[in-house]
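Work through the following exercises with the model open. Each task is followed by a solution in steps.

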Amino acid sequence: MGRGVGEDGPHPVDRHVGRRVCEKRISLGYNQSDLGRALGLTFQQIQKYEKGANRISASKLWDIARFFKVDVGYFFQGLGAQPGMAEGEAGAATFDHEFPSTRYTIEIARLAPQLSSRQQKLALDMIREMTGKPEEG
C-alpha cells in the first residue's frame with residue numbers, strides 16, 4: 001500500500017494536490033517525463049503523485065512549485081472546510097469542483113484564449129449543445 005493510501009484510497013488532500021500538479025503541468029505543455037526529468041524522478045513517480053497514491057514531500061512540492069513558477073499555495077487552492085465543521089476537523093476537506101480534469105478539458109482551457117471572441121462563443125455554444133446545457137446568465 002502506498003504511503004498516501006488508506007482504506008478508502010488516497011487521502012482527499014493528496015488527490016487534490018496531485019490534481020493541481022497535473023492540471024498545471026498540462027496547462028504549461030509539459031508531459032510527465034518532462035516534469036520527472038526536472039525533478040530527478042521517473043514519469044511513473046509523477047503519475048503516482050498526480051493520482052495521490054504517493055504523497056508529495058514538502059521539498060518535492062517546493063521543487064515542483066519552482067519549476068512551474070507558482071507559489072506552493074497554488075496546489076492547495078480550492079481546498080476548504082465543509083460548512084458546520086470546525087477548522088482542522090477530520091474529513092473537512094472539500095473541493096471547488098469534483099469533476100475529473102482531463103487532458104482535454106485542461107487543453108481546451110489553455111487554447112481557448114488564443115481564439116477570437118467570436119470563435120470562443122462558437123466553441124462554447126457547441127459545447128453547450130453537445131452537453132444539453134442551456135446558456136447561463
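**Exercise 1.** Find which residues are in contact with Val-70, leaving aside its neighbours within four places in sequence.

Solution. The model is a predicted one. Take contact as heavy atoms within 4.5 Å. With the neighbours within four places set aside, the list for Val-70 is Lys-24, Ala-65 and Phe-75.

**Exercise 2.** Determine how helices H2 and H3 are oriented to each other, and which residues make the contact.

Solution. The axes of H2 (residues 32-39) and H3 (residues 43-51) come within 8 Å and cross at roughly 105°. Angles of 65 to 115 degrees count as roughly perpendicular. H2 and H3 are therefore roughly perpendicular to each other. On the H2 side the contact is made by Gln-32, Ser-33, Leu-35, Gly-36 and Leu-39, and on the H3 side by Phe-43, Ile-46, Gln-47 and Glu-50. Sorted by class, these are 4 nonpolar, 4 polar and 1 charged residues.

**Exercise 3.** Describe the chain as a whole: its elements, their order and its burial.

Solution. Count 6 helices and 4 strands. Along the sequence they follow β-β-α-α-α-α-β-β-α-α. Of the 137 residues, 27% count as buried. The chain exposes about 9400 Å², with 54% supplied by carbon and sulfur atoms.

Technical notes: Residues are numbered from 1 along each chain as its sequence is written. This is a predicted model: local features need pLDDT of at least 70, side-chain atom pairs count only at pLDDT 80 or more; totals for chains, interfaces and linings use all residues. Side-chain values use heavy atoms; hydrogens and water are left out. Axes are lines fitted to C-alpha atoms, for helices over the stretch in contact, and angles run from 0 to 180 degrees between N-to-C directions. Helices (H or I, at least four residues) and strands (E, at least two) are DSSP runs, numbered from the N terminus. Angles under 35 degrees count as roughly parallel, over 145 as roughly antiparallel, 65 to 115 as roughly perpendicular and the rest as oblique. Ala, Val, Leu, Ile, Met, Phe, Trp, Tyr, Cys and Pro count as nonpolar, Asp, Glu, Lys and Arg as charged, and the others, Gly among them, as polar. Buried means under 20% relative accessible area, exposed over 50%, partly exposed in between (1.4 Å probe, protein chains only). Accessible areas come from the Shrake-Rupley method with a 1.4 Å probe; for residues, only the protein chains shown count as cover.
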